[in-house]
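Open the model in your viewer and keep the selection tool ready. Each stop below tells you what to select and what is there.

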Amino acid sequence: MKAADLTVSTGSHWHSGAKITDFSYNTLLALVPAIAMGMYRYGVSAAGVIGTAMASAMIAEAAMQKLLGKPVRIADGSAAVSGLLLALLLPANTPAYMVIVASVIGITIGKLCFGGLGANPLSPALVGWAVLRITKPWAGYLDFDLALINYDLGFSMQYPLAVLKASGALGIQDFNTWNLFLGNQTGGIGASAIVCVLGGGLYMVARGLVRWEIPLCFLLGVVIASSLFRLVDSAANADPLFHIVTGNVMIGALFLSTDNSSAPINRWGMVAFGLCCGMMTVVLRAWSVYPDGVVFACLLMSLFVPLLDKLRASTIVVRPTNVQITGETVEGGTSS
Amino acid sequence: MSIFKEFTKGLWQELPPFRLVLGLCPVLAVTKSATNGLGMGLAVIFVLTWSNILVSALRKVIPRKVRIASYIVIIATFVVIVEMATQAFFYPVYEALGIFIPLIVVNCVILGRAEAFASKNGVVASALDGLGIGAGFTMSLVVLGGLRELIGAGTLFDVEIMSAAYRSHSFSFMLEAPGAFICLGVLLAIMNAVSAPSSS
């Protein structure tokens, strides 16, 4: 028998024909509505968080590439996108030092230590966010109810997922799903502007820069898992629609989980990845200590991408029954 | 004096966690503070030195086929001594290190030195080897623990170094498990960069 093949290398990538710069600048463009909504809602402090995150991500990328003796490629915009995605998940008044720590660790440890763009197993923005999330003394700044206590935007300023966590389905009766969908909820600067994120994401899908499988299956996974939870206990669990229009699900489905190098490249891999991300999100929302589970779900599933990439359409084709094995070709066999 | 090279090699050339990348389990787990790192390191020095001496003295007696089992018995004896001693005289350290004191038995640095060095060399050389490797191990633990404690809690050996403002909002990520991995990785990268300049 053949010995186990333990060679590891950077995964192959699905190619849209676009250049890295096209992808990055189109992502930035697609996120403009969400940025605009965030700045309209939370004012200059939102702009400060976004600017700090993008600038520190790009400076960290340039400095680290210089240190590692690689060509400095901040002009491709990938660091800017990572910084922006990180900022959109944070509350508008996150202190600057937290933003800088998160984006610098995300870019240096999460991306360049693994070989730079295309070789990172996890999305840099998510790594940065997770570092902040598990730093206990800073937890108050990431708790939307505490962080945004001085804002009154004319709608319920309670973080919907925190309410769900605290008082179950009864507590969230006051939230109007349509209102939530329009972005009338507290949350991250951009992540809470659900309709804007959806619009930007549809633009990315329409341009072919984001494949439709992952976002669709992500949302499908959320629906499946939340329906199951609701079947078991409808008093403690919210309906699927509530899960989709709150927290980071929309930005997670369209922008976070579709990060180029930490998502699968084959269709069935993408389907499995999306479904698992979505289901894991609801599981974490229901059972973890954190109100939202999107980021940890995406991080966890990104670690399975090398396995999910082995799911290929050709391996589940039914093998024809009477194939003459001539020694030259075997039809319908596995191809890899 | 070539015999002192057996001692000094453990301090840099064969520094266990960083150059040999051995014994990482306690390195990652107990370095939440410099004090814990020091306590763990001293325990390892004791066990390593005495197990090296005994293994070296018995190297002609122990049959080759059962040598690993014999080494484990020798190491376990000294680990039990350390465990009882810390429990009796340094109870806070015993509490802080917890399961990781008994786990010194399976620390691959100690078995590695018994197998690779003490079973082939004389008693004096083995004792110096154990002291040197143990000192290097302790040094690494204290550096890693100190760094993590300083950044993660703002203290060093439980002395408050940083201001109260820093300590109340310290970057406690460094005290978590991922912080240990990242801190170790960064230190490893720095040491490799310092000791082996790139050939290109």
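**Stop 1: a loop in chain B**

Select B:Phe157, which lies in the loop between strand E1 (155-156) and strand E2 (159-160) of chain B. Helices (H or I, at least four residues) and strands (E, at least two) are DSSP runs, numbered from the N terminus. This is a predicted model: local features need pLDDT of at least 70, side-chain atom pairs count only at pLDDT 80 or more, and totals for chains, interfaces and linings use all residues. Residues are numbered from 1 along each chain as its sequence is written, while chains are lettered from A and ligands numbered from 1 in the order in which they are written.

Look at the backbone of B:Phe157. Its phi is positive, about 50°, although the residue is not a glycine.

Now select B:Asp158. It lies in the loop between E1 and E2 of chain B. B:Asp158 counts as exposed, because it has 10 C-beta neighbours inside 10 Å.

**Stop 2**

Select chain B. It has 10 helices and 2 strands. Along the sequence, the pattern is α-α-α-α-α-α-α-α-β-β-α-α. The radius of gyration of chain B is 18 Å, close to the 16 Å that the globule rule gives for 200 residues, so chain B is as compact as a globular protein of that length. That radius is taken over C-alpha atoms, and the globule rule is 2.2 Å times the number of residues to the power 0.38.

Along the principal axes, the C-alpha atoms of chain B fill a box of roughly 60 × 55 × 30 Å. Of its 200 residues, 42% count as buried. Contacts come next: two residues are in contact if their C-beta atoms, placed from the backbone, lie within 7 Å. Of the contacts in chain B with a separation of 6 or more, 75% join residues 24 or more positions apart.

**Stop 3: a helix pair in chain B**

Select helix H4 (residues 34-57) and helix H8 (residues 123-153) of chain B. They pack at an angle of about 165°, with their axes 8 Å apart. H4(B) is therefore roughly antiparallel to H8(B). Angles under 35 degrees count as roughly parallel, over 145 as roughly antiparallel, 65 to 115 as roughly perpendicular and the rest as oblique. Axes are lines fitted to C-alpha atoms, for helices over the stretch in contact, and angles run from 0 to 180 degrees between N-to-C directions.

**Stop 4: a helix pair in chain A**

Move to helix H3 (residues 78-89) and helix H5 (residues 124-133) of chain A. Their angle is about 40°, and their axes are 8 Å apart. That makes H3(A) oblique to H5(A). Select the contact residues: A:Ser82, A:Leu85, A:Leu86 and A:Leu89 from H3(A), with A:Pro124, A:Ala125, A:Gly128 and A:Trp129 from H5(A).

**Stop 5**

Pick A:Val32 in helix H1 (residues 20-42) of chain A. This residue is partly exposed, with 15 other C-beta atoms within 10 Å.

Finally, show both chains. How many residues does each chain give to the contact? Chain A gives 8 residues and chain B gives 8 residues.

Terms used:
A residue is buried if 20 or more other C-beta atoms lie within 10 Å of its own, exposed if 12 or fewer, and partly exposed in between; C-beta atoms are placed from the backbone.
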